Amino acid sequence: VWRCDPPQHDGNALHADRAAFSEAVTIVAARLETLQNQTTARLGAPAGDIFAAHAQLLAELAEATLAHDAANYAPVWQAETAQAAAALAALPDTYLRARAADIHDLAQQVLARIAAAPEAVAPDDAPFILVARDLYPLRAATLPANCLAIVLADGDPHSHTALLCQAAQRPYYSDSGEAVLALTDGAHIQITRASGEIHRLP
C-alpha cells in the first residue's frame with residue numbers, strides 16, 4: 001500500500017500578487033499541455049483530451065479570478081474555484097457532478113505552485129496499490145507502471161480519474177469506505193477483483 005491523499009493547500013494561508021498568481025497559472029497550463037501530449041501518446045486521444053479540457057477550464061477560472069482587484073489572489077482563486085466546483089456538484093447529471101473534482105485538481109495545482117510545495121513521489125522500487133480518500137486526474141495520469149490498482153474511500157466511477165484508470169487498464173475501486181484509510185504505507189492487502197472486497201494480509 002502507498003497512501004497518497006489529494007493535496008489540501010489553503011489559499012487563505014498563502015499570498016500571491018497578480019504577477020505571482022499569473023506565473024503559477026502559466027506553469028500549470030504548460031504542464032497540462034505536456035500532460036495532454038504524453039497521455040495521448042500513451043493512452044489515446046480521448047484520455048489526452050481530458051487535459052485539453054482542463055487547460056480550457058484553467059484559463060476560464062484564472063480569467064474570473066483576475067477580474068477581481070486584489071492585493072492577494074490566492075484566496076480569490078480558492079473562492080472562485082470552490083464556487084465553480086460547488087455549482088457542478090449540485091447538478092443532477094452524474095457525469096457533470098463528477099467534473100467538480102477536476103476543478104479541485106486545478107485549484108490545488110495552482111495553490112501548490114504558489115506554496116512552492118513538492119509533490120509526493122510514488123514508490124518506484126516495488127509494486128504498490130494506491131490508497132486514498134480520493135484521487136485527482138493529474139495524479140491518476142502520472143502514476144508509474146508499478147501501481148497495480150487504486151482503492152479510494154470515496155471516489156466516483158464517473159470521474160476523469162476513473163476514465164484514466166480504465167484507459168490504463170488499472171483496476172479502480174471507489175466507495176471503499178472509511179476503513180481503507182486506516183491502512184498505512186507498506187501494508188499488504190488482497191483485493192477480490194470482481195467484488196472489490198479488501199482483506200489485509202499479515
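In helix H2, Ala-47, Ile-50, Phe-51 and His-54 are in contact with His-160, Leu-164 and Ala-167 of helix H7, contact meaning heavy atoms within 4.5 Å. The model is predicted, with pLDDT of at least 70 required for local features and 80 or more for side-chain atom pairs, whereas totals for chains, interfaces and linings use all residues. Residues are numbered from 1 along each chain as its sequence is written, and side-chain values use heavy atoms, leaving out hydrogens and water.

Two packed helices are described by the angle between their axes and the distance between the axes. For H2 (residues 45–66) and H7 (residues 160–167), the angle is about 155° and the axes are 9 Å apart. Axes are lines fitted to C-alpha atoms, for helices over the stretch in contact, and angles run from 0 to 180 degrees between N-to-C directions. Helices (H or I, at least four residues) and strands (E, at least two) are DSSP runs, numbered from the N terminus. H2 and H7 are therefore roughly antiparallel, a term for angles over 145 degrees.

H1 and H2 pack at about 170°, with 7 Å between their axes. This angle makes H1 roughly antiparallel to H2. The residues in the contact of H1 with H2 comprise 15 nonpolar, seven polar and two charged. Among the H1 residues that meet H2 is Thr-39. Thr-39 counts as buried because its relative accessibility is 1%, buried meaning under 20% relative accessible area (1.4 Å probe, protein chains only). Leaving aside residues up to four places away in sequence, Thr-39 touches Gly-44, Ala-47, Gly-48, Phe-51, Ala-141 and Leu-164.

The largest nonpolar core has 44 residues, of which Phe-21, Trp-77, Val-110, Ile-114, Leu-130 and Ile-150 touch the most other members. A nonpolar core is a set of buried Ala, Val, Leu, Ile, Met, Phe, Trp, Tyr and Cys residues joined through side-chain atoms within 4.5 Å. Elements that each supply at least two residues of this core include H1 (18–43), H2, strand S2 (128–132) and H7. Ile-114 touches Leu-14, His-15, Ala-16, Phe-21, Ala-24 and Ala-74, not counting residues up to four places away in sequence. Another core, of twelve residues, lies apart from the largest one and includes Val-131, Ala-149, Val-180 and Leu-183.

Definitions and conventions:
Parallel < 35°, antiparallel > 145°, perpendicular 65-115°, else oblique. Buried < 20%, exposed > 50% of the residue type's maximum accessible area, 1.4 Å probe, protein only. Nonpolar A, V, L, I, M, F, W, Y, C, P; charged D, E, K, R; others polar.
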